[in-house]
Amino acid sequence: MAILVVGGAGYIGSHTVRELEKAGQQVWVFDNLSQGHAEAARGDRLIRGDLLDRAALDDALRGRDIDAVMHFAAFASVPESVADPAKYYRNNVVGTLNLLDAMLAAGVTRIVFSSTAAVYGVPDVVPISEESPTRPINPYGFTKLAIERALADYAHAYGLGYAVLRYFNACGASSDATIGEDHTPETHLIPIILQVALGQRESLSIFGTNYPTPDGTCIRDYIHVEDLADAHVRALAKIEPGRGLTYNVGTGVGASVRGVLDAALQITGRPIPAVEFPRRPGDPPALVASSDALQRDLGWSPRYPKIADVIASAWKWHSTHPNGYRSR
Ligand code: UFG
């Protein structure tokens, strides 16, 4: 199959490109390099373009016999989406609708779409199943839910086949530590903790210590990026015209902010000072996936079920690439 990976130079996209190539697929990357890194994509396969540029999308899809699209090119910072929702609606909603239109025009009828646990808002029950109500509490979650709805309607009306993957907290790096997480600015917990361990930041700010959780800090389900990538390859193989699949991708086990910090202290063996701060707007107390459906239907299971192994993988990348891709 020939697959156009939109956002394939970004963090999750680049790891998925590797997994697709391992599975023998022919991959093209479409990326505007606003968040992605040319170093993370093979130069001969990189098409530089923007989701809002319909002509660039048309060019990328036509003439390469593309069979399917994977779409990773979204802004994904919860706090930034609260501060600047227009940026999120424009790229994540308008940009994705543009992509879907271009796909339909080019006769490409299969897509794997990166969605998020943020569509669930504050869940009533944890672990969260795919049937849980979707009630986002931040603009980022709303942008992803809007596209989930569009995909269902497009499947019904135009015969589009799709898989929606609702990621929990992506983290870690490739097992050979040649690609990994490199965001500017960085807002995610694990890379920030490791930057403190490397002496690049003074301390970790713990956002909220009075949540209704055992140690008072937020609980998240940290899913290794290679496990996420594996789920994409499996989901793609199951897509059928006119039908949609929706799966959570998480380990089923949560870790608190303090729990992640403790694991990082052990793995790095370095001091990681932490300072308590008020809650960050838009943060639900606990998000943990039930991935039973993914395991049952796609035969997926996490290769990195333990937070310590995930952090060790991230540490291997960060300690060998202290300035991300600029370290080379
Ligand atoms: N946190 C801190 N200090 C920091 C950074 C984060 O205490 O410096 C806390 C946050 O408050 C949160 C937890 O660590 O409780 C995880 O925060 P991240 O920013 O790493 O991740 P989020 O849970 O906010 O969001 C991530 C993705 C989203 C996705 C969500 C789904 O960025 O795209 O996971 O679970 F929607």
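Reader: Asp31 stands opposite a residue in β3; which residue is that?

Author: The residue opposite Asp31 is Arg48 of β3. The model is a predicted one, in which local features need pLDDT of at least 70 and side-chain atom pairs count only at pLDDT 80 or more, whereas totals for chains, interfaces and linings use all residues. Residues are numbered from 1 along each chain as its sequence is written.

Reader: Why are β3 and β11 called edge strands?

Author: The sheet is open and has seven strands in the order β3-β2-β1-β4-β5-β6-β11, with parallel pairing. Within it, β3 (46–48) and β11 (244–249) each pair on one side only, which is what the name edge strand expresses. Neighbouring strands are turned by 20° against each other on average, direction ignored; the axes behind this angle are lines fitted to C-alpha atoms (for helices over the stretch in contact), and angles run from 0 to 180 degrees between N-to-C directions.

Reader: In the sheet with the order β12-β9-β14, what is the pairing called?

Author: The pairing of that open sheet of three strands is mixed. In general, strands of a sheet pair through backbone hydrogen bonds, either parallel or antiparallel. Strand β9 (residues 219–220) pairs with β14 in the parallel sense over two bridges, and Arg220 stands opposite Leu287 in β14. The edge strands are β12 (255–256) and β14 (286–287), each of which pairs on one side only.

Reader: Why is the ligand said to lie between two domains?

Author: Both domain 1 (2–171 + 222–249) and domain 2 (189–220 + 252–327) give residues to the shell around the ligand, so the ligand lies between them. The bounds themselves come from an automatic or database domain assignment.

Reader: Which residues come nearest to the ligand, and how many are around it?

Author: There are 21 residues around the ligand, and Thr116, Ala118, His188, Phe207 and Cys218 come nearest; a residue is near a molecule or strand if its C-beta atom, placed from the backbone, lies within 6 Å of it. The elements that give two or more residues to this shell are α6 (189–197) and β8 (204–207), and β8 supplies the largest share, four residues. By class the shell has 13 nonpolar, five polar and three charged residues, where Ala, Val, Leu, Ile, Met, Phe, Trp, Tyr, Cys and Pro count as nonpolar, Asp, Glu, Lys and Arg as charged, and the others, Gly among them, as polar.

Reader: How many residues does each domain bring to the contact between domain 1 and domain 2?

Author: The C-alpha centres of the two domains lie 23 Å apart. Their contact takes 33 residues from domain 1 and 29 residues from domain 2, two residues being in contact if their C-beta atoms, placed from the backbone, lie within 7 Å. On the side of domain 1 that touches domain 2, α7 gives the most, with seven residues, and by class this side has 19 nonpolar, seven polar and seven charged residues.

Definitions and conventions:
Two strands pair if DSSP finds at least two bridges between them.
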